[in-house]
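Q: Could you take me through how to read the strands and the pocket of a model like this one?

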Amino acid sequence: MTTVRTFIAIEMPHSVMEIVRQTQQVFRQAGIRLRWVRRENVHLTLRFLGDISIDAVPGIQHALERSAAETPAFSLQVKGIGAFPSVARPKVVWLGLQGQLQPLEDLYRRLALSLSEVGIPSENRPFRGHLTIGRVKDRIENEHFRSLMQRMSDVQSESFIADRLCFFKSDLTPGGAVYTPLAQAKIGFGNHSD
């Protein structure tokens, strides 16, 4: 059985990619060594599906289209920085989101329901919208890292409209992950209310 590694996400506009670049640059200049996510690979991931059968792709595409059509486009803004599981024990560095978060959560729930109808079980953890920008690969000097996170806490982007949901294939290569769109759906396309 042929499988593909996949996820569903909202692509970020150029203005957000510039904030990601600037933030990563500040950390690099401060000597914080992380495995940085390439800017073109920064997305707002709604669902990581992992390895799925190629036969499941049409059903997932339909779930994507239906969920996007039932959700009006909404406005978001990158704001703040954090780390999972915590700044004291960082494994992942992320940028936060603010703005119309309720429609984002509604989209996540619709997508989970639509995916469950095509055999993809729901996740057991709560959804926390964020943009992963780096991963800790070595031990880092915690006080220096904490100080820099505090200094960068007011990072923010302009507002942008989240209007496109994408279904990506992810190929792991020695140079990093390469993402290829398998399908896209316009958010709000089926919703004609103002």
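Predicted model: local features only at pLDDT ≥ 70, side-chain atom pairs only at ≥ 80, totals over all residues.

Q: In which sense does β1 pair with β3 and with β8?

A: The general idea is to follow the bridges between two strands: β1 and β3 pair in the antiparallel sense over nine bridges, and β1 also pairs with β8 in the antiparallel sense, over five bridges. Single residues can then be placed within these pairings, with I10 having L44 in β3 as its bridge partner, and F7 standing opposite F168 in β8.

Q: How do side chains lie along a strand?

A: In a regular strand the side chains alternate between the two faces of the sheet.

Q: What volume does the largest pocket have, and which residues are the closest to its centre?

A: The largest pocket has a volume of about 1100 Å³, and of the 30 residues that line it, T45, F48, H130, T132 and R135 are the closest to its centre.

Q: Which strand supplies the largest share of the lining of the largest pocket?

A: That share, five residues, comes from β3, while the strands that each supply at least two residues of the lining include β1, β8 and β9. By residue class, the lining divides into 14 nonpolar, eight polar and eight charged residues.

Key: Residues numbered from 1 in each chain as written. Heavy atoms only, no water. 1 Å grid on protein atoms, 1.4 Å probe; cavity = no way out; pocket = protein on both sides within 12 Å on 5 of 7 lines; lining within 4 Å. Points joined across faces, edges and corners; volume = space filled by probe spheres on them. Helix = DSSP H or I, 4+ residues; strand = E, 2+ residues; numbered from the N terminus. Nonpolar A, V, L, I, M, F, W, Y, C, P; charged D, E, K, R; others polar. Pairing = 2+ DSSP bridges.
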